[in-house]
Amino acid sequence: NKLNITKNKTLSFEQLAKQFRCTHIKLTFDRIYKLYQNKKLNSLPIIQRKYINLATPVHKAAVFYVTAIKKGKMKVDGEKLCNLMRCDYKKFQAICTDVKQICFDA
């Protein structure tokens, strides 16, 4: 590409875990991410399930953040995480609340 423009690449879980020093939450992250996706999809009307994407960078960032704080007992800078994942901070906060309610407050 002549303009040297890259697609919005985001970091993998492994890269995030290294960056925030919480590689120990990998299995927990995987489990909670799947749990969140399943519970969220099942809570939606069938017509909406077809159109929702729960694998976006903001969803991954939110699950990573909530898992690191709740299960990993780690401090993670949410704004830094959003910058790394190239996602909107307000949307991130809303999805974090959703993840907490669906996976931890039930």
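A residue counts as buried when its relative accessible area is under 20%. Keep that in mind for the first close-up; everything here comes from a predicted model.

**View 1. Lysine 40, a buried residue in helix α2.** Here we look at lysine 40, which sits in α2 (residues 26-43). Its relative accessibility is 17%, so lysine 40 counts as buried. What does the side chain of lysine 40 join up with through a polar contact? The partner is the side chain of aspartate 98, at 3.1 Å. Leaving aside residues up to four places away in sequence, lysine 40 touches Leu54, Asp98 and Ile102.

**View 2. Helix α2 packed against helix α6.** The axes of these two helices are 10 Å apart, at an angle of about 90°. That makes α2 and α6 roughly perpendicular to each other. Lysine 40 turns up again: on the α2 side, Ile32, Leu35, Tyr36, Lys39 and Lys40 meet Ile95, Asp98, Val99, Ile102 and Cys103 of α6. Sorted by class, this contact has seven nonpolar residues, three charged and no polar ones.

**View 3. Helix α4 crossing helix α6.** From α4, the contact takes in Val58, His59, Ala61, Ala62, Val63, Tyr65, Val66 and Lys70, while α6 brings Lys91, Phe92, Ile95, Cys96, Val99 and Lys100. In this contact of α4 with α6, 10 residues are nonpolar, three are charged and one is polar.

Key:
Residues are numbered from 1 along each chain as its sequence is written. This is a predicted model: local features need pLDDT of at least 70, side-chain atom pairs count only at pLDDT 80 or more; totals for chains, interfaces and linings use all residues. Side-chain values use heavy atoms; hydrogens and water are left out. Contact means heavy atoms within 4.5 Å. Helices (H or I, at least four residues) and strands (E, at least two) are DSSP runs, numbered from the N terminus. Ala, Val, Leu, Ile, Met, Phe, Trp, Tyr, Cys and Pro count as nonpolar, Asp, Glu, Lys and Arg as charged, and the others, Gly among them, as polar. Buried means under 20% relative accessible area, exposed over 50%, partly exposed in between (1.4 Å probe, protein chains only). A polar contact is a pair of N or O atoms within 3.5 Å; within protein, one must be able to donate a hydrogen and the other to accept it, and residues adjacent in sequence count only if both atoms are side-chain atoms. Axes are lines fitted to C-alpha atoms, for helices over the stretch in contact, and angles run from 0 to 180 degrees between N-to-C directions. Angles under 35 degrees count as roughly parallel, over 145 as roughly antiparallel, 65 to 115 as roughly perpendicular and the rest as oblique.
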